[in-house]
Amino acid sequence: MTAPTTFAIDLPDEAATCALAADLAGRARRGDVIGLSGALGSGKTTFARAFIGARLDAGEVPSPTFTLVEIYQSLTGPALWHFDLYRLERPEDAYELGIEDAFAEGISLIEWPERLGALMPREHLGVTLALGQRATERRVELAAPESWAPRVAGLKRG
Ligand SMILES: Nc1ncnc2c1ncn2[C@@H]1O[C@H](COP(=O)(O)OP(=O)(O)OP(=O)(O)O)[C@@H](O)[C@H]1O
Ligand SMILES: [Mg+2]
């Protein structure tokens, strides 16, 4: 595998984060795995929900009190699997959550992907959020593997 293409984008406010998530959602396809990294409160869940909302047919993303995984069925495309693995104790525990089905058939959004260790597919889009100077500022670094490189080539950087 060649090294991923990495670049950063400034996100001045939450709307910018959600717009980027929706944009990437439009470029995603069955089997994609997206890792969402970054500190507590950096915006991983915000990003995931905007991504899911952009792909769902009904608009609003229901707000479940989920712990580790929530699955959103789409009428028109692959299901969206939203994992929050902060509390995952061992990588192997993720099999019970359905990671094999998610990786094969769905589009997977994974908060705290480092918890999966070697079970995290190498071929994934890395999204790392960092806090900025002001309260609403974030900076995101994207690490695009080969399959994603052409799909992120047109994104505005900086
Ligand atoms: N530019 C921005 N992008 C994303 N979220 C922002 C931005 N500016 C402010 N916020 C706020 O920051 C918070 C991010 O919380 P969120 O739950 O998405 O973080 P998280 O990375 O999932 O945290 P955790 O590690 O606890 O799961 C939200 O309250 C959101 O409204
Ligand atoms: Mg979160």
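Reader: Which strand holds Ser37?
Author: Quick ground rules: residues are numbered from 1 along each chain as its sequence is written, while chains are lettered from A and ligands numbered from 1 in the order in which they are written. This is a predicted model, where local features need pLDDT of at least 70, side-chain atom pairs count only at pLDDT 80 or more, and totals for chains, interfaces and linings use all residues; side-chain values use heavy atoms, with hydrogens and water left out. Helices (H or I, at least four residues) and strands (E, at least two) are DSSP runs, numbered from the N terminus. On that scheme, the strand holding Ser37 is β2.

Reader: Is Ser37 buried or exposed?
Author: Buried means under 20% relative accessible area, exposed over 50%, and partly exposed in between, using a 1.4 Å probe and protein chains only. The relative accessible area of Ser37 is 15%, so Ser37 comes out as buried.

Reader: Which residues does Ser37 touch, leaving out those up to four places away in sequence?
Author: Contact here means heavy atoms within 4.5 Å. With residues up to four places away set aside, Ser37 touches Ser42, Lys44, Pro113, Glu114, Val127, Thr128 and Leu129.

Reader: Ser42 turns up there. What is its relative accessibility?
Author: Ser42 lies in the loop between β2 and α2. Leaving aside neighbours within four places in sequence, Ser42 is in contact with Ser37, Leu129, Leu131 and Arg138. Ser42 counts as buried because its relative accessibility is 1%.

Reader: Which residues around ligand 1 are the closest?
Author: A residue is near a molecule or strand if one of its heavy atoms lies within 4 Å of it. There are 15 residues surrounding ligand 1, and the closest are Glu14, Thr17, Lys44, Thr46 and Thr136.

Reader: How far is an oxygen atom of ligand 1 from a polar side-chain atom of Glu14?
Author: A polar contact is a pair of N or O atoms within 3.5 Å; within protein, one must be able to donate a hydrogen and the other to accept it, and residues adjacent in sequence count only if both atoms are side-chain atoms. Thr45 has a side-chain N or O atom 2.8 Å from a ligand 1 oxygen, and for Thr46 that distance is 2.6 Å. For Glu14, the polar side-chain atom and the ligand 1 oxygen are separated by 2.5 Å.

Reader: Which element gives the most residues to the shell around ligand 1?
Author: Two elements give two or more residues to that shell, namely α1 (14–27) and α2 (44–55). With three residues, the one that gives the most is α2.

Reader: Which members of the largest nonpolar core touch the most other members?
Author: A nonpolar core is a set of buried Ala, Val, Leu, Ile, Met, Phe, Trp, Tyr and Cys residues joined through side-chain atoms within 4.5 Å. In soluble globular proteins, nonpolar side chains tend to be buried together. Here the largest core has 31 residues, and those touching the most other members are Leu24, Phe47 and Phe51.

Reader: Which residues does Leu24 touch, not counting those up to four places away in sequence?
Author: Leu24 belongs to the largest nonpolar core. Beyond four places in sequence, Leu24 touches Phe47, Phe51, Leu125, Leu142, Trp148, Val152 and Leu155.

Reader: Trp112 is in the loop between β5 and β6. What is its phi near?
Author: At 17% relative accessibility, Trp112 counts as buried. Its phi is positive, in a residue other than glycine, and lies near 60 degrees.

Reader: At what distance does the side chain of Ser74 reach the backbone nitrogen of Gly77?
Author: Ser74 is in the loop between β3 (69–72) and β4 (80–84), and is buried, as its relative accessibility is 14%. The Ser74 side chain reaches the backbone nitrogen of Thr76 at 3.2 Å. For the backbone nitrogen of Gly77, the distance is 3.1 Å.

Reader: How far apart are the C-alpha atoms of Ser74 and Arg55?
Author: Arg55 is among the contacts of Ser74 outside four places in sequence, along with Leu56, Asp57 and Ala79. Ser74 and Arg55 are 19 residues apart along the chain, with their C-alpha atoms separated by 7.6 Å.
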